[in-house]
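The stops below are given in the order in which to select them.

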Amino acid sequence: MKVLITSALPYVNNIPHLGNLIGSVLSADAFARYQRLRGNEVLFVLGTDEYGTTTEVKAREEGLTPRELVDKYFVIHKRIYDWFNTSYDCLGRSTSEANKKIVQDIFSKIYKNGYFIEGEVEQLYSEKSNMFLSDRFVEGECPICHKAGARGDQCDACGNLLDQKDLINPISKFDGTVPILKKTKHLYINLPKLEKELTNWISSVDSNWSFLAKNITSQWLKQGLKERAITRDLKWGIPVPLEGYENKVFYSWFDAPIAYIGITAECIGEKYKDWWLNKDVTLYQFMGKDNVPFHSIMFPSYLIATKEPYVLVNGLDSTAYINYENDKFSKSKEKGVFGNDAIETGISSDTWRYYLYRVRPEDDDTEFLWGDFEAKVNNELVNNFGNFINRVVSLNQKFFNGIKQKSNGELIEKVKPLLDDYFKLMDKSRERDALLKANEISSIGNKYLQDTAPWTLAKTDLIGAGTIIANCIDLFKLLSLVYSPFIPDASKKISESISFNLSDGFLNVFDGIKTGTEIKPIGILFQKLEHKQVEEFKQKFSGIKK
RNA sequence: AGUGGGGUAGGGCAGCUUGGAGUGCCCGUCGGGCUCAUAACCCGAAGGUCGGAGGUUCAAAUCCUCUCCCCACUACCA
């Protein structure tokens, strides 16, 4: 089976934080790793979303051109994804030539099929900067409560939603000048015209979607679809190949989803068609809840409107948000752990990954809490799992010089039903629950050891003790596999110690390790977190004090 | 204001779709066992009127209505 997996493209004008990481990139990664272990042909596409107003603004702030800015952040992002062991097959960028070509091609097909309409609007325009101002970049007096400092979209003082045209005495936040109203025309995708086809398709697949993805999408449909602009008056973007639109670019939510295809083309050339125009491909997409409508409604609409046989998403998986110590992650307030921070703590990427999957916000928002991080890592990862591996290896070393004895399979029998549960959960990308299932398996291992006490039995029945220890070693293969999507480094170490090739996957997971195999010492798999150190980190990343 | 999500033992959660004795997970507390292991592992106990009110039902944490709190998002801002 061909499984195509995408992670939402991170926006490259900032450093991603832990919530961004687990929300899409790491969620997709665990799923991709799992699918490979199940013997499927996998293409995991990751990339960066580089267009958009925010990039232009941020570039100005940093005194760079947009190009320089995205180049700078691309490197930062790549380093973080690599450090977190993201197993992407393709890592590309929405600004690539390949993407430009595909975006313009898809645009032309939609245009030819008559799914765009043109509309004219009045918008605030800065003559000095020669640009239209998006809502967030104008401020003025609120027309309702008359307090100063209301933004173009909303007044923070009274909470009312505003239209930027109604602001009294508007000022451009860019250059401090007074903007004028100017007419501009845009292209809108005609979603009402696509609605029927879209809803039919959605109802045929959304049983595979996550709880949040389903809810958010049905909410949108309930409210009825409206035309949405897909062009912008910006310079930083993909040019619109149409007469009269020479000074406009595509809205980044037009080109960003198409960049999944563009990045694939950037990565494997014309073979991208084997993945995106092939009915035998199953597509899974991972994203945060804010991105759902763009993947469940917008992107499929674009593809349907081309009338080409593009692959549409089958499994749409959306996570909620992870908060930080009962608050939001905030770059500006320096609150929370960001990708680069995680690297610098000296805590292993497996440890970070473990906790992030462990608190993955599958249905609702969850919390990153340092105290909880310490407790879960130390109790579950170190004391339960790491310790089980360690005590078995030690026992086998002590009594049998590391040589595996003959097993009888009784322990494997106990855990067989759990693997079925694990498969069911992973197939639905319930990664947090699947990880708990893996913990249950090592927990059963610990209990088995305790109940059979081979260290005592060895005094009277060495062969019996050998069987028990060998039974535990047989479990290593299963454990290395079920943990592999989450903590790949540790899994690799375990598989190496029993000379098992992880890439063989789950195929013969219950076949024991050959009697007489030398079980190589692994050492300490996971370092415990020190309470004092955790407290220091908690302090360090608590943000700017007011 | 609208929309979405949440309120389950001292803390953090799962269970709710497809009602069946408050079941479970990670901790915390108390007691016991074990000594292979990173003072790790195993067993047991105490602790909850499942936010509140009403309804459906033989039966409600679970379904319905109302109500009170908490959080997030709100679309030219990705």
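Which residue lies over the face of Tyr-251? Select Arg-232: Arg-232 is placed over that ring face, 3.7 Å from the ring centre. A charge sits over a ring if NZ of Lys or CZ of Arg is within 6 Å of the ring centre and within 35 degrees of the ring normal. Next select Lys-416 and Phe-510, where the charged end of Lys-416 sits over the ring at 5.0 Å from its centre.

A note on conventions before going on. This is a predicted model, in which local features need pLDDT of at least 70 and side-chain atom pairs count only at pLDDT 80 or more, while totals for chains, interfaces and linings use all residues. Residues are numbered from 1 along each chain as its sequence is written, chains are lettered from A and ligands numbered from 1 in the order in which they are written, and side-chain values use heavy atoms, with hydrogens and water left out.

H2 and H3 pack at about 90 degrees with axes 8 Å apart, the axes being lines fitted to C-alpha atoms over the stretch in contact and the angle running from 0 to 180 degrees between N-to-C directions. H2 is therefore roughly perpendicular to H3 (65 to 115 degrees). Show side chains: Thr-55, Glu-56, Lys-58, Ala-59 and Glu-62 of H2 meet Pro-66, Leu-69, Val-70, Lys-72 and Tyr-73 of H3 (contact means heavy atoms within 4.5 Å).

From there, pick Asn-13, in the loop between strand S1 (2-7) and helix H1 (18-37). Beyond neighbours within four places in sequence, Asn-13 contacts Thr-54, Thr-55, Lys-58, Leu-69 and Tyr-73. Asn-13 is buried at 6% relative accessible area (buried is under 20%, exposed over 50%, partly exposed in between, with a 1.4 Å probe and protein chains only).

Move to Asn-85, in the loop between H3 and strand S3 (90-93). Its phi is near 65 degrees, positive in a residue other than glycine, and Asn-85 is partly exposed at 22%.

Finish with Tyr-357 and Phe-486. Their ring centres are 5.1 Å apart and their planes at 70 degrees, so the pair is edge-to-face (centres within 6.5 Å, planes over 60 degrees apart). Tyr-357 is in helix H11 (residues 349-358), and Phe-486, 129 residues away, is in the loop between helix H16 (462-483) and helix H17 (488-497).

Conventions: Helices (H or I, at least four residues) and strands (E, at least two) are DSSP runs, numbered from the N terminus. Rings of Phe, Tyr and Trp (its six-membered ring) pair if their centres lie within 6.5 Å; planes under 30 degrees apart count as stacked, over 60 as edge-to-face and the rest as tilted. Angles under 35 degrees count as roughly parallel, over 145 as roughly antiparallel, 65 to 115 as roughly perpendicular and the rest as oblique.
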